[in-house]
Amino acid sequence: MIKIGVIINLFAIILGSLVGIFMGHKFKKNLNDLIMNCVGLFIIVIGVKSTLSSKADIKVLVYLIIGAIIGNFIDIDQKITKFSKFLERKFIKNQESNFGKGFVITTILYCVGAMAIVGSIKSGISNDNNILIVKSILDGVSAIIFSSIYGIGVLFSGFAVFLYQGIFFLFATQLKFILNEASLQEIDYLGGIMIMGIGINILFKKEIKIANMLPAIFIPMVYSLIVKIFN
């Protein structure tokens, strides 16, 4: 059974999205642009802090490259985009042009990083929801901003986050065995790099395919498991 921390995160994103959707129209375009510039800068800073606080070494670059190769081969970015377009056709009558962008950006933003993984594992093992509650506050506040710009696609990202964190919650005991301090630092470092990429996309109107880098998040887990098996 999914415990309260994962559920709180889902409802925080939904609530924040609803506030942004219903209040966002009151923002003028130049104010929206300024807000998004602020968000882009802030996301870059968060990413930089994640990388600077980590003791990870050059292995992270290798993980990132391998993950990007795998992600590009699978073309995760394209699959997420197609899925967002399917949701748009299925549920959105007025075919908002920003639905897909909002869904993709916020799904990646809310899933990468150690908080989503470690918070879900701690919730599953010891019912400690503190990390997920803090993450929920951050996600809910940012959902207000993003949904005021991109619309209801941000709300749907909450369900993707729920599924993602729910998987870590359900397999918490096994993942606790796999993860060690080094692998957690590497995950945090990789998440920081991807978060910076999202900030760059927002701030400089780039199209870096961050979604194709997502497999890199799981490589430290695989490496840690291999080390444990052969030691």
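**Ground rules**

I'm working with a predicted model, where local features need pLDDT of at least 70, side-chain atom pairs count only at pLDDT 80 or more, and totals for chains, interfaces and linings use all residues. Residues are numbered from 1 along each chain as its sequence is written, and side-chain values use heavy atoms, with hydrogens and water left out.

**Entry: helix 2**

For the expected span I take 1.5 Å times one less than the number of residues.

Next I looked up which residues of helix 2 are buried (under 20% relative accessible area; exposed is over 50%, partly exposed is in between, with a 1.4 Å probe and protein chains only). The list includes N32, I35, M36, V39 and G40. These buried residues of helix 2 pack against helix 5 (99-111), helix 7 (130-150) and helix 10.

**Entry: T106**

I picked T106 in helix 5. Is T106 buried or exposed? T106 has 0% relative accessibility, so it counts as buried. Leaving aside neighbours within four places in sequence, I found T106 in contact (heavy atoms within 4.5 Å) with F146, V154 and S157.

**Entry: helix 3 and what follows**

Helix 3 runs over residues 59-74. Its 16 residues should span 22 Å at 1.5 Å a residue, and the end C-alpha atoms are 22 Å apart, which agrees. The buried residues of helix 3 are V60, Y63, L64, G67 and G71. Seen down the axis of helix 3, they fall within an arc of 100° (taken from the directions from the helix axis to the C-beta atoms), so they line one face. I remind myself that an α-helix has 3.6 residues a turn, so residues three or four places apart point the same way. On the face of helix 3 turned away from the buried side I found I69, N72 and F73, which are exposed.

D75 follows helix 3 and lies in the loop between helix 3 and helix 4 (76-91). D75 has a positive phi of about 60°, although it is not a glycine. I noted D75 as partly exposed, with a relative accessible area of 24%.

**Entry: helix 6 against helix 10**

At what angle do helix 6 (114-126) and helix 10 (181-204) pack? The angle is about 140°, and the axes are 9 Å apart. Axes are lines fitted to C-alpha atoms, for helices over the stretch in contact, and angles run from 0 to 180 degrees between N-to-C directions.

K205 sits in the loop between helix 10 and helix 11 (219-230). K205 is not a glycine either, yet has a positive phi of about 55°. K205 is exposed, at 62% relative accessible area.

Y223 is in helix 11 and is partly exposed, at 40%. Leaving aside neighbours within four places in sequence, Y223 is in contact with K59 and Y63. I also checked I178: Y223 and I178 are 45 residues apart in sequence and 9.1 Å apart in space, C-alpha to C-alpha.

Technical notes
Helix = DSSP H or I, 4+ residues; strand = E, 2+ residues; numbered from the N terminus.
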